Amino acid sequence: MRRHPGFNPLGWLLAYAALWALFSEGRGWLVGIPAVLLATWLSLRLGLQPWRLRWRALPGFLGFFLWHMTIGGIDVARRALGSPRRVAPAWAGYRLAS
């Protein structure tokens, strides 16, 4: 099992616990604790190394992100403020078994 010198099992555990807390809004630890432990074990078993941040690539990524976020916001605003489309939503029934 290879380990990154600066990232021990506690580092993986804290990283996954922080992700769980972020995505679940701090709830659901009955499922979260086993998921965090499993993810930590798998990371160690597979010999994963944490990502390294490349500072030289960060400005390009931020520009890409901000550009697409702006374009997406303009598209949503255009659709929300534009003329209403003639859509007739309805339920459709499908048989799942023969």
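Is Glu25 buried or exposed? Glu25 counts as exposed, at 58% relative accessibility, where exposed means over 50% relative accessible area, buried under 20% and partly exposed in between (1.4 Å probe, protein chains only). The model is predicted, so local features need pLDDT of at least 70 and side-chain atom pairs count only at pLDDT 80 or more, while totals for chains, interfaces and linings use all residues. Residues are numbered from 1 along each chain as its sequence is written, and side-chain values use heavy atoms, with hydrogens and water left out.

**Helix H1 and the residue after it**

- Helices are DSSP runs (H or I, at least four residues), numbered from the N terminus.
- Helix H1 covers residues 9-23, and its 15 residues should span 21 Å at 1.5 Å a residue; the expected span is 1.5 Å times one less than the number of residues.
- The end C-alpha atoms of H1 are 21 Å apart, which agrees with that expectation.
- Glu25 follows H1 and has a positive phi, near 55°.

**Aromatic pairs**

- The whole structure holds 2 aromatic pairs, a pair being rings of Phe, Tyr or Trp (its six-membered ring) with centres within 6.5 Å; planes under 30 degrees apart count as stacked, over 60 as edge-to-face and the rest as tilted.
- Trp12 and Tyr16 form a stacked pair, with 5.6 Å centre to centre and 15° between the planes.
- Both Trp12 and Tyr16 lie in helix H1, 4 residues apart, about one turn of the helix.
- Trp12 counts as buried, at 10% relative accessibility.
- Phe61 and Phe65 are also stacked, because their ring centres are 6.2 Å apart and their planes are at 25°.
- Phe61 and Phe65 are 4 residues apart in helix H3 (residues 58-81), about one helical turn.
- Phe61 is partly exposed, with a relative accessible area of 48%, and Phe65 is partly exposed at 42%.
- An α-helix has 3.6 residues a turn, so residues three or four places apart point the same way.

**Salt bridges**

- The count comes to 3 salt bridges, each being a side-chain nitrogen of Lys or Arg within 4 Å of a carboxyl oxygen of Asp or Glu.
- Arg27 forms a salt bridge with Glu25, the closest N and O atoms being 2.9 Å apart; Arg27 is exposed, at 54%.
- Asp75 and Arg78 meet in a salt bridge of 2.6 Å, N to O, and lie 3 residues apart in helix H3.
- Arg79 forms a salt bridge with Asp75 at 3.1 Å.
- Asp75 is partly exposed, at 26%, whereas Arg79 counts as exposed, at 54%.

Note on methods: Helices (H or I, at least four residues) and strands (E, at least two) are DSSP runs, numbered from the N terminus.
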